[in-house]
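Me: Hi! Could you walk me through this structure in plain words?
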Amino acid sequence: MTDDVLFLSRDRVTALLDADTAIASQRAAFGALGAGGASQPDLPGKIMHPSRFDDSVVFAYVSRLSRDTGAVAKFGSVNPGNAAAGLPSVHAVITALDPVTGELVAVMDGTAVTTLRTAAASAVAFDALSTADSAELALIGSGTQALAHARAVARVRDLKSVRVWSPNPERRARAAELLAAELGIAAEATGTPREAVTGASLVAACTLSTTPVVRGAWLAPGCTVVSVGSFEPARSEVDAGVVRRAAAVVVDDPATAAEHAGPVVDALRDRLLSREDLIGLGQVLTGARTARTGPDDIVFYNSVGLGVQDAAAAWAVIHAARGAGR
């Protein structure tokens, strides 16, 4: 290990990886994936291992974005019980290696990277998949990831309003108050998820729910739905009605989604979808596939998270740190 290894705390990562930089990193990640330029393992591609002792899940990713950026590995866990204590549900650490020598370049807080790159990727998806005039956001969840999503989506769409629902009335009210102050738009907490979703043009589901909290029957024509909490087969934030109503089902990676994304796994099993129906976000960005064909189409994007996202975000942090003189 050399003496000039970067050790980056959560606060430092957050300072270096602003919303626009994070979004740019995710455009690069999915653009490279769509063009066949990124490098990540074949299936399973990621490790998701549920604990036998509690409801936590341990995960690990490895990937490399390009020839000029070295390998990146992330190791962490998802702990759903953290929400009750006011803590982030995801904690992780990221290491990055030199692209030529393989020497250790950086060790950084993976929790901040995960939060920011996940929300940024959703912003990229909303920008690519939703109509240009989409301005009403339904936010399902009120935790760290949900708030990050609202901030990121506001960078790609001219939001007029946000409606927030989560099971805890105090937390959803606090989230709405915070977003109203930060974004300078109308924000309100709703008593049910249906109230939040009805009439919204953008829906972001950011929960760890194992049962649907967004139903297809509630969706307005032209709505774009993003789910980031359906990252393993046992978790489905949206019901089968969302898949049935969707003119296109977009995923971060078709092969990975077929194995990990709860609503996709269920739809494939029940023959609501075939693997050929799954459209990679990178394919949309590169023009290889088309998702939305008209303003009234409902489009569903299910993200489970990929190592290439961490690779792109981590190297954006490293470049920013080097530019800032560490």
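Reply: Happy to! One term before we start: a helix axis here is a line fitted to C-alpha atoms over the stretch in contact, and angles run from 0 to 180 degrees between N-to-C directions. Also, this is a predicted model.

Me: Okay, at what angle do the axes of α4 and α5 cross?
Reply: Roughly 25 degrees, and the axes come within 11 Å. Helix α4 covers residues 144–153, and helix α5 covers residues 169–183. Angles under 35 degrees count as roughly parallel, so α4 and α5 are roughly parallel to each other.

Me: Which residues of α4 and α5 meet?
Reply: From α4 there are L147, A150 and R151, and they meet A175, L178, L179, E182 and L183 of α5. By class, that contact has six nonpolar, no polar and two charged residues.

Me: Is α4 enclosed, or what? How many of its residues are buried?
Reply: Eight of the 10, so α4 is largely enclosed by the rest of the structure. Among the buried ones are H149 and V153.

Me: And what covers the buried residues of α4?
Reply: The cover includes α2, α3, β7, α5 and β10.

Me: Switching topic: what's the strand order in the open sheet?
Reply: The six strands go β1-β6-β5-β4-β3-β2, with mixed pairing. The edge strands β1 and β2 each pair on one side only.

Me: How many bridges join β5 to β6?
Reply: Five, and the two strands run antiparallel. One detail to look for: A96 has A106 in β6 as its bridge partner.

Me: Which strands does α3 lie across?
Reply: Helix α3 lies across β3, β4, β5 and β6, at about 100 degrees to β5. Helix α11 lies across β1, β3, β4, β5 and β6, at about 105 degrees to β6.

Notes: Residues are numbered from 1 along each chain as its sequence is written. This is a predicted model: local features need pLDDT of at least 70, side-chain atom pairs count only at pLDDT 80 or more; totals for chains, interfaces and linings use all residues. Side-chain values use heavy atoms; hydrogens and water are left out. Helices (H or I, at least four residues) and strands (E, at least two) are DSSP runs, numbered from the N terminus. Angles under 35 degrees count as roughly parallel, over 145 as roughly antiparallel, 65 to 115 as roughly perpendicular and the rest as oblique. Contact means heavy atoms within 4.5 Å. Ala, Val, Leu, Ile, Met, Phe, Trp, Tyr, Cys and Pro count as nonpolar, Asp, Glu, Lys and Arg as charged, and the others, Gly among them, as polar. Buried means under 20% relative accessible area, exposed over 50%, partly exposed in between (1.4 Å probe, protein chains only). Two strands pair if DSSP finds at least two bridges between them.
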